[in-house]
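These are my notebook entries on a structure that I went through element by element. I set down each look-up with the cut-offs that it rests on.

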Amino acid sequence: MITVALHHGFIFLPKLWLIPLLPFAGFLINGILGARLPKWVVTAVGLIAPAWSFGLVAIAAVTVITQGPRVLPMAEDLGSWISAGSLHVDFRFVLDQLSLTMLLIVTGVGFLIHVYSVGYMHSEKGYWRYFAYLNLFLFFMTLLVLAGNVLLMFVGWEGVGLASYLLIGFWYQKTTAADAGRKAFVVNRIGDFGFLIGIFLLLGNFGSLDFADIAAKLAMNPGWAGGILTTICICLLIGAAGKSAQLPLYVWLPDAMEGPTPVSALIHAATMVTAGVYMIARTHFLFDRSPAAMTVVAIVGAATAIFAATIGLVQTDIKRVLAYSTISQLGYMFLGCGVAAYSAAIFHLMTHAFFKALLFLAAGSVIHGLGGEQDLRRMGGLWKKMPVTFWTMTAAVLAIAGFFPFAGFFSKDAILYAAFLSGTNGKIFWAVGLFTALLTSFYMFRLWYLAFLGKPRSPEVHAHESGWSMLVPLVILGILSVCGGWIGAGRMGAWLAPSVGAHTVEAANNNLEIYLSVIAVAVAALGWLIAHLLYREGSKRAEQLASTFSAPYRLLLHKYWVDELYSKAIVKPLLAISRFVLEWIVEYAILGGLAWLLSGSAVFGGAVLQRWQSGNLRSYAAWLAAGAAVLLVFALAPYFLGAYGINVKWAGW
Amino acid sequence: MHLILFFVFGGLCLAGAVNLLLQSHPINSALSLVVVMSSLAVLYLMLGAEFLAAAQIIVYAGAIMVLFVFVVMLLNAGREERTMGSRAAKVVGFPAVAVVLAVIATTILKAQGLGTASLSDPITSTEDLSRVLFHELLLPFEVTSVLILIAILGAVALARSSDGERRASK
Amino acid sequence: MIPISWYLLLSATLFCLGMVGFLIKRNVITVFMSIELMLNGVNLSFVTFAHMWHKVNGQIFVFFVMVVAAAEAAVGLAIIIAIFRARGTLAVDRIDLMKL
């Protein structure tokens, strides 16, 4: 513990390596011994690690707030990792405002979800395995956030992908779950390939993978823009798109709902999928130099936002609606990064973590209370039977729709304001974002009506409220969804400026911004109204609309047939090619050919040499004489060649 | 004098060797070999090795060649018959022999400082020979006697085994 | 006064004639005799060198060669007798049981 006495107050900045290490220790203990330990020990180990990490981060935050930002950035060098020629990569952890914010979210929300999981996964046989994987995920995620160079971040990046695979396929005996886990990992890998190319290009152009070094080199060349930097940014964007489920690499996220709901809340809503946004914010100094790449980021973000929102309009599985909502909100964050409003994007990341985790956990509570039912068409009337879940879910829905004064209002507004301000393209982005907000409000309230209000559509199931271990995190997240916006409103930009640059100042409270906010709230209210008209109790308008516009309805219901397209265009040809290569070329031609060659040469050689063993004494004698002649020549060659000036030295000469 | 002796007996050596190759009946070859041995004994004498000359006559010409003749007689070896021959012997063997001869001859002819031999050179006395033999090389000497013993045993065992079985089975 | 090289050439010739002999002769006893001829050629060479360097070691070597040749002749001829008993022939080309 570094304790440095100052004139007043105290500085407590923890050893940074403890923050990832504690969850890793939890993973080891639960992973190796968990099957034999009693359940309460597993729970204790599984909860202490994130709690302790969160405690360390919280104390660090308090220190920073009281002492001011001069104590940051804090770097910790834990030794050299790679030192080969001109490549030097160290184990270097860096704590600055950006990583502190992310860590608070990761460990805080993470801890709440760990608590929730105690109740949700209580009757699971693989309880210990679940907590081991969850702690493993926390380890890699904190590693990713704290990394001081791209390579260490990539380790965390891959690691969270692994943890995600393990947790999605937690019920591995279920084929759909195992397939979903594999799909997530493979699609992530495609993105990681882009990321790797970006890392190679970074190394080639900057000679170092350390964030500080790259930023310094860029600062020394103020005129360096475009060109190779655009390429690097596009490659990094591919990686971020894979991890954060943007077009066209989003297809794994809806399938990832096969995993347990707390997993969906933690990994696929609050933390792992935000790693892409974090990475772009972390490397903002590269993106700032490439307007072309920024435009691409903004386009990807906006397109994803509206695309996913349209699909979410008609989904019937409660978790799938939330999954598409996550993809859509992540699109907002990418849009924010694309218009250089990094602090706004991170702000939205924070508020999104609160209300999306809450939405998922509440959905989990509903599923748990209904004994596993996930279809919206069979829910209803739960507001009476599950009041805590209902009121917290309402808070979350209001937050995501962007109503004042809930959390989502401030962050979404900041992004839309920044988009509006950035040129003519910006106005288009603003319009797309606004329309998406309408759709978001609509489908969230649709979910709210179908799940909670009206009369129960499956009365035979006795819904019951969940236990306190599941409700307490809901309440805490509900409070954060209500108040979270006030934490960052007006302050986020200034707080994060040392890390992400001071580009946009949100909530400047000028007239344009107020004007735009009013439009946004009005749009959200419009969405609520439409949902009310279509889905309130007794209304058949939804079915009528679906049958009238049956073609668009079916298109949306089948998610634009994207999965089928990918399967036909990419997956099946790849499988066919690899099968061909493996069976015909590798197995048959190469291995078979090699075996044939080896055995053939042995047989052939044997057949040839066999003729030497003729049994004929005279031929033996002849070969003896030949051998003697050769030896003699060999021994006397230096003597003869010496006369011609050729000096060879062998045979004792 | 020395020259004449050398030419006569050297010529006899060569003639005997060539005759050995040309004769088809093994007994003729054996007798040619006796001629070679004897001529070599004279050559040894000319080179001052009197003990060796005597040993050559006694051991080689007198014992080994007699043994050969005995075996020829015992086995009733006749003229050589035409057999299928060996292509390898002709194709590989003769060039090899030619190469060997060429290499050795060239080495000998190119060597410097070989000197000459003459009849007036000192003769190696048996005393000198035996002094080295029984003082420094005593162990090899004793080992050769063991060698001869083994050879005798081997020869006896090889040459009589089938005879013994035939007698035993009768 | 004869150059030493003449003796050495004679010895080399005898050696090579012996080699030719064991290549072309068809009777196994004659082949054996050619080998004896080779040994004798080598003996002459040793004696010549012993004379040249006025050391007695060359002659001792000849002595040993003679001993070994005697032993070898005895054993070899015994083997030939055994082969004759087994195969009934003395032609070298017919004794090919070691053919693969």
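I count two strands as paired if DSSP finds at least two bridges between them, and I take helices (H or I, at least four residues) and strands (E, at least two) as DSSP runs numbered from the N terminus. I am reading a predicted model, in which local features need pLDDT of at least 70 and side-chain atom pairs count only at pLDDT 80 or more, while totals for chains, interfaces and linings use all residues. Residues are numbered from 1 along each chain as its sequence is written, chains are lettered from A, and ligands are numbered from 1 in the order in which they are written.

Entry, hairpin. I looked up strand S3 (residues 74-84) of chain A and found it paired with strand S4 (residues 87-95) of chain A in the antiparallel sense, over eight bridges. Ser83(A) has His88(A) in S4(A) as its bridge partner. Two residues lie between the strands of this hairpin, and there Gly85(A) takes a positive phi near 65°. Is S3(A) buried or in the open? With a residue called buried if 20 or more other C-beta atoms, placed from the backbone, lie within 10 Å of its own, zero of the 11 residues of S3(A) are buried, so the strand lies largely in the open.

Entry, helix packing. I looked up helix H3 (residues 97-120) and helix H15 (residues 342-369), both of chain A, whose axes (lines fitted to C-alpha atoms over the stretch in contact) are 11 Å apart at an angle of about 5°. H3(A) and H15(A) are therefore roughly parallel, the term covering angles under 35 degrees. The contact (C-beta atoms, placed from the backbone, within 7 Å) includes Leu98(A), Ile105(A) and Tyr120(A) of H3(A), and Met350(A), Gly364(A) and His368(A) among those of H15(A).

Chain C has three helices and one strand, in the order β-α-α-α along the sequence, and 55% of its 100 residues are buried. Its pLDDT (the predictor's confidence in each residue, from 0 to 100) averages 90, with 97% of the residues at 70 or above. I then found 10 residues of chain A in contact with 11 residues of chain C, helix H26 (residues 617-643) of chain A giving the most to chain A's side, with five residues. I also noted the model's scores, ipTM 0.90 and pTM 0.68.

Note on methods:
Contact = placed C-beta atoms within 7 Å. Axes fitted to C-alpha atoms, helices over the stretch in contact; angles between N-to-C directions. Parallel < 35°, antiparallel > 145°, perpendicular 65-115°, else oblique. Buried ≥ 20, exposed ≤ 12 C-beta atoms within 10 Å, placed from the backbone.
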